[in-house]
Amino acid sequence: MRRKKIVRDTKETQIILALEVDGTGAYEIDTGCGFFNHMMELFTRHGRFDIAIDCKGDTDVDYHHTVEDIGIALGRAFREALGDKKGIYRYGSMLLPMDEALILCAVDIGGRSSVNFDVEIPTQKVGDFDTELVKEFVLALAREMGLTVHIRMLAGENTHHIIEGIFKALGRALRQACAIEEEYADEIPSTKGVL
């Protein structure tokens, strides 16, 4: 089974995160931020991963450390759960409509971290959540996972819809990339022989 539990304990956050890559979309998520809980639930359900997150963070300051550190923990969990990455499709993409918003997400689990985040978020906040933290989450996830990710907003006006589209599209693209290509289950999907 491709699963991993990560414990991250710093002066800013205390995180216990459990990931099962081959899950059903089950989640138990408490980040201390209602909006971010919702986004992580969407990511989990649409990725069909099983994810449990318990985070105690310095939310009296803001949500920056919470969001970034969860991205770090999740990226590490994916990297370690996927191991040598034998048999994975490696690439995944999703063009996802969310009402008036349209989000393109493409990923490569190739061992190199790169983020192209071409999104114009109309407002600085949704509730008490700073919308600039969406990119911080993606950057932290990509850095720890060794993930190349492109996220592009092709249309959108409503901030909630745009961000919801990003998390759903990211979950679905990663689901494709993490899936095992049965015919090549014993092969590393690279001419280098290693990812």
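In strand E4, aspartate 54 is the bridge partner of isoleucine 16. Strand E2 (residues 13-20) and strand E4 (residues 50-57) run antiparallel and are joined by eight bridges, where two strands are said to pair if DSSP finds at least two bridges between them. The model is predicted, so local features need pLDDT of at least 70 and side-chain atom pairs count only at pLDDT 80 or more, while totals for chains, interfaces and linings use all residues. Residues are numbered from 1 along each chain as its sequence is written, and side-chain values use heavy atoms, with hydrogens and water left out.

The open sheet has four strands in the order E1-E2-E4-E3, with mixed pairing. Its edge strands, E1 (3-9) and E3 (27-30), each pair on one side only, and the twist from one strand to the next averages 5°. Strands (E, at least two residues) and helices (H or I, at least four) are DSSP runs numbered from the N terminus.

| Helix | Strands | Angle |
|---|---|---|
| H1 (residues 34-47) | lies across E3 and E4 | about 160° to E3 |
| H2 (residues 64-82) | touches E1, E2 and E4 | about 35° with E2 |

Elsewhere, phenylalanine 117 belongs to strand E7 (residues 114-118). Phenylalanine 117 is buried, with a relative accessible area of 16%, where buried means under 20%, exposed over 50% and partly exposed in between (1.4 Å probe, protein chains only).

Note on methods: Axes fitted to C-alpha atoms, helices over the stretch in contact; angles between N-to-C directions. Contact = heavy atoms within 4.5 Å.
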